[in-house]
Amino acid sequence: QVQLVESGGGLVQAGGSLRLSCAASGRTFSNYAMGWFRQAPGKEREFVASMFRSGGSTYYADSAKGRFTISRDNAKNMVLLQMNSLKPEDTAVYYCNAGSQYLGFSGPYWGQGTQVTVSS
């Protein structure tokens with residue numbers, strides 16, 4: 001059974017930083033994309049960032065470019081999201097996703113989500 005478990009969310013002031021982690025178990029995703037999506041209250045879930053194997057290609061939403069950095073540790077089957085210069089509009093539940101063959105598109109596996117709240 002595949003499980004994705006996120007951690008690292010929380011409350012931070014605008015301009016601050018958070019680091020999200022996602023650990024996968026049940027299968028490896030070294031040949032597939034892993035990434036992050038988010039969903040704010042009253043809005044649809046949207047893509048944030050995704051990456052193929054460690055050191056491979058990355059893809060970011062325009063809202064994340066220059067502020068967020070995605071990385072992977074294939075040996076640990078993990079994907080990380082370093083978020084800097086956070087803004088109140090980054091407030092959302094952030095979901096780890098895995099299994100897509102294409103950057104920017106979701107795969108079939110989702111985590112339970114972790115709340116990120118940015119206060120102004």
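Student: Which residue in β8 is the bridge partner of Arg 19?

Tutor: The bridge partner of Arg 19 in β8 is Gln 82. Before the surroundings are described, note that this is a predicted model, in which local features need pLDDT of at least 70 and side-chain atom pairs count only at pLDDT 80 or more, while totals for chains, interfaces and linings use all residues. Residues are numbered from 1 along each chain as its sequence is written, and side-chain values use heavy atoms, with hydrogens and water left out.

The strands named here are DSSP runs of E with at least two residues, numbered from the N terminus, as are helices (H or I, at least four residues). Two strands pair if DSSP finds at least two bridges between them. Strand β3 (residues 18–25) and strand β8 (residues 78–83) are joined in the antiparallel sense by six bridges. Within this pairing, Leu 18 is set opposite Met 83 in β8.

In general, strands of a sheet pair through backbone hydrogen bonds, either parallel or antiparallel.

Buried means under 20% relative accessible area, exposed over 50%, and partly exposed in between (1.4 Å probe, protein chains only). The largest core has 27 residues, of which Trp 36, Val 48, Phe 68, Ile 70, Leu 81, Met 83 and Tyr 94 touch the most other members. Two or more residues come from each of β3, β4 (33–39), β5 (46–51), β7, β8, β9 (92–100) and β11 (114–119).

Arg 38 forms one with Glu 46 at 2.7 Å, N to O, and another with Asp 90 at 2.9 Å, N to O. Arg 38 lies in β4 and Asp 90 in the loop between β8 and β9, so this pair ties together parts 52 residues apart in sequence. Arg 38 is buried at 6% relative accessible area, Asp 90 is buried at 1%, and Glu 46 is partly exposed at 36%. Shared partners join Arg 38, Glu 46, Arg 67 and Asp 90 into one network of salt bridges.

The whole structure contains five aromatic pairs; rings of Phe, Tyr and Trp (its six-membered ring) pair if their centres lie within 6.5 Å, with planes under 30 degrees apart counted as stacked, over 60 as edge-to-face and the rest as tilted. Phe 37 and Phe 47 pair edge-to-face, at 5.5 Å centre to centre and 75 degrees between the planes. This pair links distant parts of the chain, with Phe 37 in β4 and Phe 47 in β5, 10 residues apart. Phe 37 is buried at 8% relative accessible area, as is Phe 47 at 14%. Phe 47 also stacks with Tyr 59, at 5.4 Å centre to centre and 25 degrees between the planes. Since Tyr 59 lies in β6 (residues 58–60) and Phe 47 in β5, the pair ties together parts 12 residues apart in sequence. Tyr 59 is partly exposed at 43%. Phe 37, Phe 47, Tyr 59, Tyr 95 and Trp 110 make up one aromatic cluster.

Finally, Arg 45 lies over the face of Tyr 95, 3.7 Å from the ring centre, and its charged end sits over the ring of Trp 110, 4.5 Å from the centre. The criterion is NZ of Lys or CZ of Arg within 6 Å of the ring centre and within 35 degrees of the ring normal.

How values were computed
Core = buried A, V, L, I, M, F, W, Y, C linked by side-chain atoms within 4.5 Å. Salt bridge = Lys/Arg side-chain N within 4 Å of Asp/Glu carboxyl O.
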